[in-house]
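I opened a new page today for a structure I had not looked at before. Here are my notes, in the order I made them.

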Amino acid sequence: MREVKCEICGKSFSRKTGGRFCSRDCHNKSGRKEITCPWCKKEFTVRKSSKAIFDSCSCKGFYYSSLKNGIVQIKSEKNNIQWSDNIAYLIGLIASDGTLRKYRKCIRIGSKDMQQLENVQQIVCDEITGRKNKIIPEHKKVGDKVFITNSYQFTSKVFYEFCENIGIMPNKSLILGNIDIPEKHFSHFLRGIIDGDGNYNILRREYKTYKVNHIHIRVISGSFLFVDWLNEECTRIFNIQKGTIVKEIRKAPNHNKYTLFWSNKRAVTTLLEKIYSGDSYFLERKKNTIDSALLENKEFDNLRRMQY
């Protein structure tokens, strides 16, 4: 008997005759090599004689399709999704302006604002897929008018199932209800909702002695269940007065539109402070609108004080 070291694991073992490996597992590993999939960046083992470079046929298909479309995998795709401020903001955009494809693990977000889709592109790359897909221009015809818009589409089975688990589903426009959002990320989710299907309605009032901008925050949806849940959650989390829900009846059956709006000054001020706190993604066009209105209100207040 003589002591030898295993060439794979380095473990010492005794053999009567010449042996290079301490076990069958080490023997099997000796004929294998570790490689990294060029698409998903996952490490896996193959036989040394194998010419395989992809972890699966799906990776191979996505890789060559992406090369054709100019898409490059920058870093590894996430195997699980963790809640963050940016993920909550993205969920808000998907709940308002996004679509989950019914027969594919694919998510699409449409917007006329290029900056919003660039924000989505960066969040998806950093926290979900590790790659940047192209933003695609689209032409939509409504009646006699043609509108130019853009869309961003990406595929992720993990994120698609994450959306389904928290309450977002395909064909959600009229049936969307409660969404399971952690309370500490709710303000970022609300900012995503407003940047998607919301707006700021500013009404300037001129009185005899002063002027003021009345600011209304509005969220529009085809689902009453969703706006009612959103109203209740904002009231509970931010301790503000309830908003008002207005129903707009349309000609097409079951296609009514619901508008949730807050007009109470304290409620509006509290919501704006919460949704724009910290360094996060937001739609500059809408933030600039609200910033200019708030600045004008300060100037109006200063003039009013000087008069008295």
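Which helix gives the largest share of the lining of the largest pocket? I found that helix α6 (residues 186-197) does, with four residues. Before going on I noted that this is a predicted model, where local features need pLDDT of at least 70, side-chain atom pairs count only at pLDDT 80 or more, and totals for chains, interfaces and linings use all residues. Residues are numbered from 1 along each chain as its sequence is written, and side-chain values use heavy atoms, with hydrogens and water left out.

**Entry 1: the chain overall.** I looked up nine helices and 12 strands in the protein chain. Both are DSSP runs numbered from the N terminus: helices are H or I with at least four residues, strands are E with at least two. Of the 308 residues, 41% are buried; buried means under 20% relative accessible area, exposed over 50%, and partly exposed in between (1.4 Å probe, protein chains only). Among contacts (heavy atoms within 4.5 Å) with a separation of 6 or more, 57% join residues 24 or more positions apart.

**Entry 2: the two pockets.** My pocket search ran on a 1 Å grid over the protein atoms alone: a pocket is an open set of points where a 1.4 Å probe fits, with protein on both sides within 12 Å along at least five of seven lines, and lining residues have an atom within 4 Å of a point. Grid points are joined across faces, edges and corners, and a volume is the space filled by probe spheres set on the points.

The largest pocket holds about 1200 Å³. Of its 42 lining residues, S96, D97, G110, G196 and D197 lie nearest the centre. I sorted this lining into 12 nonpolar, 17 polar and 13 charged residues. In that sorting, Ala, Val, Leu, Ile, Met, Phe, Trp, Tyr, Cys and Pro are nonpolar, Asp, Glu, Lys and Arg are charged, and the others, Gly among them, are polar.

The second largest pocket has a volume of about 770 Å³. Its lining has 30 residues, with W39, F62, E77, R131 and T155 nearest the centre. Here α2 supplies the largest share, six residues.

**Entry 3: the cores.** Next I looked for nonpolar cores, meaning sets of buried Ala, Val, Leu, Ile, Met, Phe, Trp, Tyr and Cys residues joined through side-chain atoms within 4.5 Å. The largest has 57 residues, and I91, F159, I179, F189, L230 and W262 touch the most other members. Helix α3 (residues 85-97) gives the most to this core, eight residues. Another core of eight residues lies apart from it, including I35, F44, V46 and C59.

**Entry 4: S223.** Is S223 buried or exposed? I put it down as buried, because its relative accessibility is 1%. S223 sits in the loop between β10 (211-221) and α7 (224-238). Its side chain reaches the backbone oxygen of L176 at 2.4 Å. Leaving out residues up to four places away in sequence, S223 touches S173, L174, I175, L176 and Y258.

**Entry 5: E296.** I found E296 in helix α9 (residues 284-307). E296 counts as partly exposed because its relative accessibility is 28%. The C-alpha atoms of E296 and V212 are 8.0 Å apart, though 84 residues separate them along the chain.

**Entry 6: a positive phi.** N171, in the loop between α5 and α6, has phi near 55 degrees, a positive value in a residue other than glycine. N171 counts as exposed, at 55% relative accessibility.

Note on methods
A polar contact is a pair of N or O atoms within 3.5 Å; within protein, one must be able to donate a hydrogen and the other to accept it, and residues adjacent in sequence count only if both atoms are side-chain atoms.
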